[in-house]
Amino acid sequence: MPKTEQSSNESAIHQTPNPKGILLGANVSIAKTGLMAAVEETIQYDANTYMIYTRSNRGGKARPIEDFNRDQALELMKQKGIFDPVVHLSYLVNLASPKEETWEYGVSVLTEEIQRVEYLGFKYIVMHPGSHVGEGEPYAIRRIAEALNSILTGNEDVFICLETMAGDGSKVGNSLEQIAEIISLVKHEDKLAVCIDTCHNYSFGYDIVNDFDGFLKSFDDTIGLNRLKVAHINDSKTPFNSHKDRHANIGEGSIGQEALYRIVHHEALRNIPQILETPGGKYRSEIDVLLDRTPASE
Ligand SMILES: [Zn+2]
């Protein structure tokens, strides 16, 4: 038998911010220096993943992705142990829209975003499935699938992660069944994945506080847990089953710190990027609490 070499990387593994394999970060800014700004903000939070929007939610032309300081940022991420960043698609995209112009705008933005994210070398684009604005859910589901079928070629290097919504307005993709239906209508369904959001799920009526395991079981039965690729971790300003989308700070909403802590530490979310989208710039202390860290003294 050849002598087994002891791994010299063993101690390095334990120096990572999250030895348990929890990937936790926040929605960070790309102001001025692009990805470098995002990574530097992530380092301030002592986090090991992050999410960005590559373009303004107010519309207008997207900043050239070549100006994002990609190589420098990827190098810094490697040094600091930051993994699997997520890109959120612009809110202005509505692939369910009955208006031809809006639908086509969405198709062109998502097509371009796939190329931009491939350039960055990231794996996940999170998008809100869409709003039917009066045409009804079955229409919206067909319309979204039609858009995805016109965009996806099967050669993409990214996953389009459909986000589960809160049931507010005329949004679709609130229930796991609706998400599963969209996926079932898309030819290149291997490019589709799912992003859950604790605020949305609780607000829509999934009792993730008392039965997160039951929610995961339903997810597995309807969609398949292999498609769960991203999680948004937010408390909710509104009560259970209120069908509203109002994010609260961790521990200051109807879900509560204890339930969110359990979710963040759940086995099923290991190595899945978990992203805070909470108000008020409290990310550092929220991440400290969720990871049992002593708060920074500054
Ligand atoms: Zn979202």
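The cut-offs I used call a residue buried if 20 or more other C-beta atoms lie within 10 Å of its own, exposed if 12 or fewer, and partly exposed in between, with C-beta atoms placed from the backbone.

I note that this is a predicted model, in which local features need pLDDT of at least 70 and side-chain atom pairs count only at pLDDT 80 or more, while totals for chains, interfaces and linings use all residues. I number residues from 1 along each chain as its sequence is written.

I placed Leu 290 in helix α10 (residues 283-290), where helices (H or I, at least four residues) and strands (E, at least two) are DSSP runs numbered from the N terminus. Leaving aside residues up to four places away in sequence, I found that Leu 290 touches Leu 24, Ile 250, Leu 260, Tyr 261 and Val 264, a contact being a pair of C-beta atoms, placed from the backbone, within 7 Å. For Leu 260, which is 30 residues from Leu 290 along the chain, I noted a C-alpha separation of 7.8 Å.

Gly 25 stands opposite Thr 49 of β2. I followed the chain from β1 through helix α2 (residues 35-44) to β2, and this β-α-β crossover is right-handed, which means that, with the strands pointing away from the viewer, the path from the first strand over the helix to the second runs clockwise.

I then found two bridges joining β2 to strand β3 (residues 86-88), the two running parallel, and Val 86 in β3 is the bridge partner of Met 51. From β2 the chain passes through helix α3 (residues 70-80) to β3, in a β-α-β crossover that is right-handed.

Last, I checked backbone angles, where most residues other than glycine have a negative phi. I recorded a phi near 55 degrees for Asp 46, which is found in the loop between α2 and β2 and counts as partly exposed because it has 17 C-beta neighbours inside 10 Å. I also recorded a positive phi of about 65 degrees for Asn 241, found in the loop between β10 (235-236) and β11 (247-248).

How values were computed
Pairing = 2+ DSSP bridges. Contact = placed C-beta atoms within 7 Å.
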